[in-house]
Amino acid sequence: MTVLDETVVRLAASQAKIGATQNRIQHNINNLFNSTRITDIATGRIMDADFAIETTSLAKQAILNRAATAMLAQANQTKTNVLKLIKF
């Protein structure tokens, strides 16, 4: 009977150690999962910010291009008007 009691006590102690180890492993898995999720969210936000910067830069360049084209057209038109005045 004593041997059986000791065996049950040892078995319970082993199960407690295994349970504690399992809890620690599960905690680490949850922690790593949360870290991965947070990193993915941060990466997405960085990519969104980079896309916004590039889109803004592209819009700025398009506006500058159109403004330059309009200025050249106006300058050419002025030159033509001056030549017409000289011909009269």
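**View 1. A surface patch at the start of the chain.** A patch here is made of residues with over 30% relative accessible area and no salt bridge, in which like charges are joined within 9 Å and nonpolar side chains (Val, Leu, Ile, Met, Phe, Trp, Tyr) within 5 Å. A salt bridge is a side-chain nitrogen of Lys or Arg within 4 Å of a carboxyl oxygen of Asp or Glu. In this predicted model, local features need pLDDT of at least 70 and side-chain atom pairs pLDDT 80 or more, while totals for chains, interfaces and linings use all residues. Residues are numbered from 1 along each chain as its sequence is written, and side-chain values use heavy atoms, without hydrogens and water. Met1, Leu4 and Val8 form a nonpolar surface patch with about 360 Å² of accessible area together (Shrake-Rupley method, 1.4 Å probe, only the protein chains shown counting as cover for residues).

**View 2. Met1 and the helix.** Met1 lies in the segment before helix 1 (2-87). Helices (H or I, at least four residues) and strands (E, at least two) are DSSP runs, numbered from the N terminus. The chain has one helix and zero strands.

**View 3. The extent of the chain.** Along the principal axes, the C-alpha atoms fill a box of roughly 130 × 5 × 5 Å.
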